Amino acid sequence: HRASGLQDSWPLMHWTKINISDSKNYGDIKPIWEINRLQHFFCLGRAYWWTGDKQYVQEFIDQFHSWYRENPAEMGINWQSNLEIALRSVSLIYAMQFFMEEISDDTLVALLKVLIHSGRHLEKNLIHSQCCMRNNHLIGDAAGLNLIAMILPELKAASAWRKKSGHI
């Protein structure tokens, strides 16, 4: 990146302060969002399910904790798009199904924190998608919120999340 004049990474600041049209300084945002959807966790889960090889469990744990440390809630480019948050939530929920019996309580708590915060973020910011992005973004945002609510029905907000997302 340095040879091209680009910065090393997008700034770690509150997502509302990040101008995503500043790609001339930071590079194309799409590849960053694609990898941060964490969709490859499903592949790790399937590999573990098929083989029983715990290296896939450890890889998931290592990658998840690395992502968790580097992407604090509401900070950075990975909290800038509701759709990306919703897609990442789906990936984490699927991963939990594969790895639930193998992960530590600390990892489970971290996963739940991300999902709960993602649900809160989506609920709070769905208005933007309803007003400005009445397309696949709105559908994806609502689907992510609905899945979080369904997988965590014991949350106080789960019923309201299901109702709001179901209406959309």
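**Rings, helices and a buried Asn**

Ring pairs link Phe 41, Tyr 48, Phe 60, Phe 64, Tyr 68 and Phe 99 into a cluster. This is a predicted model, where local features need pLDDT of at least 70, side-chain atom pairs count only at pLDDT 80 or more, and totals for chains, interfaces and linings use all residues. Residues are numbered from 1 along each chain as its sequence is written, and side-chain values use heavy atoms, with hydrogens and water left out.

Q: How many helices and how many strands are there in the protein?
A: Helices (H or I, at least four residues) and strands (E, at least two) are DSSP runs, numbered from the N terminus. Along the sequence the pattern reads α-α-α-α-α-α-α-α. So the count, with that definition, is 8 helices and 0 strands.

Q: How many aromatic pairs does the structure hold?
A: Rings of Phe, Tyr and Trp (its six-membered ring) pair if their centres lie within 6.5 Å. Planes under 30 degrees apart count as stacked, over 60 as edge-to-face and the rest as tilted. By that rule, the number of aromatic pairs is 8.

Q: Are the rings of Phe 41 and Phe 60 stacked or edge-to-face?
A: Take the distance and the angle: the ring centres are 4.9 Å apart and the planes sit at 80 degrees. That angle makes the pair of Phe 41 and Phe 60 edge-to-face.

Q: How many residues apart in sequence are the parts that Phe 41 and Phe 60 tie together?
A: Phe 41 lies in helix α3 (residues 40-51), while Phe 60 lies in helix α4 (residues 55-70). Their pairing therefore ties together parts whose separation in sequence is 19 residues.

Q: Is Phe 60 buried or exposed?
A: Buried means under 20% relative accessible area, exposed over 50%, and partly exposed in between (1.4 Å probe, protein chains only). Phe 60 comes out at 0% relative accessibility, so Phe 60 counts as buried.

Q: Which residue lies over the face of Trp 79?
A: A charge sits over a ring if NZ of Lys or CZ of Arg is within 6 Å of the ring centre and within 35 degrees of the ring normal. Here the distance from the ring centre is 5.4 Å, and the residue over Trp 79 is Arg 88.

Q: Where is Asn 36 found, and is Asn 36 buried or exposed?
A: Asn 36 is in the loop between α2 (29-35) and α3. With a relative accessible area of 11%, Asn 36 is buried.

Q: Which side chain does Asn 36 join through a polar contact of 2.8 Å?
A: Contact means heavy atoms within 4.5 Å; leaving aside its neighbours within four places in sequence, Asn 36 is in contact with Trp 67, Asn 71, Asn 78 and Arg 88. A polar contact is a pair of N or O atoms within 3.5 Å; within protein, one must be able to donate a hydrogen and the other to accept it, and residues adjacent in sequence count only if both atoms are side-chain atoms. The side chain of Asn 78 makes one with that of Asn 36 at 3.3 Å. The partner at 2.8 Å is Trp 67.
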